[in-house]
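I opened a new notebook page for this structure. My plan was to look things up one at a time and write down what I found.

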Amino acid sequence: MKTGVDTMLSRTGNTSFQTTSLNKKDIMHHIYLLLLDGKLVRAPVGDGIQRILDIGTGTGIWAIDAAETYPSSQVIGTDLSPIQPSWVPPNVSFQIDDAESDWTFAGDSFDLIHIRHLNGGIKNWGKLIKQSFDPLKPGGWLDVAEYECRLRCDDGTLPVDSSLHRYYDLVNEAADKLGQEFKVAASLDSFILDAGFDKMSHEEMKISIGTWPADKKQKDMGAVMLLAIEHGFESFGMAFFTRILGMEVPEAKELIAGAKKESRSKKIHSYGVQHLYSGMVIKGGKLSVAKQG
C-alpha cells in the first residue's frame with residue numbers, strides 16, 4: 001500500500017500530497033540508512049536469506065536495496081499503487097495488493113517481512129501483524145519501523161504554545177478523528193507478542209529535526225529530516241486542518257508558516273522518535289531459516 005499518511009489523505013482527495021509523500025518516502029529511506037548505519041533492518045537476518053516481502057513498498061526503494069544487498073534472495077514488494085520503476089534488479093518484483101485485505105501468501109514462504117511507515121494508514125494493526133506470522137518460515141523475522149508523528153524536546157526549547165508543537169498536536173487530532181491514530185506506533189509490541197512472535201525487540205531511536213545537535217550523525221539526519229518535513233508541511237497540514245478539523249484556510253496557512261519557520265530554528269531542539277520492532281517465528285520448535293550472520 002501507499003505510505004500511511006498518503007493512504008489516509010488520498011481519501012480526502014489531496015493528490016498534491018500523494019506526490020509529496022512519495023518523495024518523502026525516498027528521503028526517509030536515506031535517513032534510515034543513516035540511522036541504522038547502512039543496514040536495512042534491525043532484525044538479525046543472515047546474508048543467505050532466500051525470500052523477502054516488503055509490505056507497503058511505495059516507490060520500491062527499500063525492496064530494490066534489499067534485492068541488491070541480498071543477491072541470492074527473491075524480493076516481493078506490495079503496494080496499492082503501481083508506482084515502482086520498471087528497471088529493477090532481476091530478483092525483485094512488485095505486486096498490487098492491499099495490506100489490510102486478507103493475505104494469500106503461502107505459509108512458511110518468507111525469511112523476512114518488512115513493514116515501514118504505514119502509520120496513519122492502517123486501521124487494524126493487530127490483523128496486519130497477525131497476517132505476517134503464517135507466511136514466515138520457522139526462524140523467519142518480522143521487522144517493523146514506525147513513527148509517532150509527535151515531536152519531543154528535552155530542554156524546554158519547544159514550548160507547548162509554539163506553532164510547531166500545535167501543528168503536530170492538530171495532526172494527531174485529525175488522525176484520531178479518522179480512526180487511524182499515530183500514537184499506536186509506541187505500542188505495537190503487544191500485537192507482535194499476541195500474534196505469536198518470539199524474541200520480540202522494541203527500540204526507540206531519536207531523529208533530530210534540523211541541524212542543532214552537536215553529534216554529527218544526529219546533525220546529518222536532522223538536516224535530511226528537515227528537508228523531508230518541509231516537503232509535506234503545507235500539503236499535509238492543509239488537508240488535515242481544513243478538511244478534517246474545519247479550520248479556515250488563512251488560519252491554517254498562518255499556523256503552517258509558523259511551524260515551518262520554527263522547524264528551521266537552531267534554538268528549538270526538537271526530535272522525533274522512531275519505534276523499531278522485530279520478532280522471530282518459532283513453529284513446533286523448528287528453525288529452518290538460513291543461518292544468521
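**Ground rules**

I noted that this is a predicted model, in which local features need pLDDT of at least 70, side-chain atom pairs count only at pLDDT 80 or more, and totals for chains, interfaces and linings use all residues. Residues are numbered from 1 along each chain as its sequence is written, and side-chain values use heavy atoms, with hydrogens and water left out.

**Whole chain**

I looked up the secondary structure and found eight helices and seven strands in the chain. Helices (H or I, at least four residues) and strands (E, at least two) are DSSP runs, numbered from the N terminus.

I then looked up burial. Of the 293 residues in the chain, 54% are buried. Buried means under 20% relative accessible area, exposed means over 50%, and partly exposed lies in between, with a 1.4 Å probe and protein chains only.

Next came contacts, meaning heavy atoms within 4.5 Å. Among contacts in the chain with a separation of 6 or more, 73% are between residues 24 or more positions apart.

**Helix pairs**

Two packed helices are described by the angle between their axes and the distance between the axes. Axes are lines fitted to C-alpha atoms, for helices over the stretch in contact, and angles run from 0 to 180 degrees between N-to-C directions. Angles under 35 degrees count as roughly parallel, over 145 as roughly antiparallel, 65 to 115 as roughly perpendicular and the rest as oblique. A crossing is left-handed if the near helix is turned anticlockwise from the far one by less than a right angle, and right-handed if clockwise.

I began with H7 (residues 216-244) and H8 (residues 249-263), whose axes are 10 Å apart at an angle of about 160 degrees. The two helices are therefore roughly antiparallel. H7 and H8 cross in a right-handed way. On the H7 side the contact includes Leu226, Ile229 and Phe233, and on the H8 side it includes Val249, Leu255 and Ile256. By class, I found 10 nonpolar, three polar and four charged residues in the contact of H7 with H8. Here Ala, Val, Leu, Ile, Met, Phe, Trp, Tyr, Cys and Pro count as nonpolar, Asp, Glu, Lys and Arg as charged, and the others, Gly among them, as polar.

I turned to H5 (residues 163-177) and H7, which pack at about 55 degrees with their axes 10 Å apart. That angle makes H5 oblique to H7. The crossing of H5 and H7 is left-handed. Residues in this contact include Leu164, Tyr167 and Ala174 of H5 and Phe233, Phe236 and Ile244 of H7. The contact of H5 with H7 has 12 nonpolar, two polar and one charged residues.

The last pair was H5 and H8, with axes that come within 7 Å and cross at roughly 120 degrees. H5 is thus oblique to H8. H5 and H8 make a left-handed crossing. Among the residues that meet are Arg166 and Tyr167 in H5 and Glu251 and Glu262 in H8. I counted the classes in the contact of H5 with H8 as six nonpolar, three polar and three charged.

**Two buried residues**

Where is alanine 239? Alanine 239 is in helix H7, and it is buried at 2% relative accessible area. Alanine 239 and alanine 174 are 65 residues apart in sequence but 9.7 Å apart in space, C-alpha to C-alpha.

Methionine 205 is in strand S6 and is buried at 16%. Leaving out residues up to four places away in sequence, methionine 205 touches Leu35, Leu36, Arg42, Gly272, Val273, Gln274 and Leu276.

**Positive phi**

Most residues other than glycine have a negative phi, and most peptide bonds are trans. I found a positive phi, near 55 degrees, at aspartate 108. Aspartate 108 lies in the loop between strand S3 (92-96) and strand S4 (110-116) and is partly exposed at 40%. Lysine 199 also has a positive phi, near 50 degrees. Lysine 199 is in strand S6 (residues 198-208) and is exposed at 57%.

**Cysteines**

How many disulfides does the structure hold? I found zero disulfides, a disulfide being a pair of cysteine sulfur atoms within 2.5 Å. Cysteine 149 is buried at 10% relative accessible area, and cysteine 153 is partly exposed at 25%.
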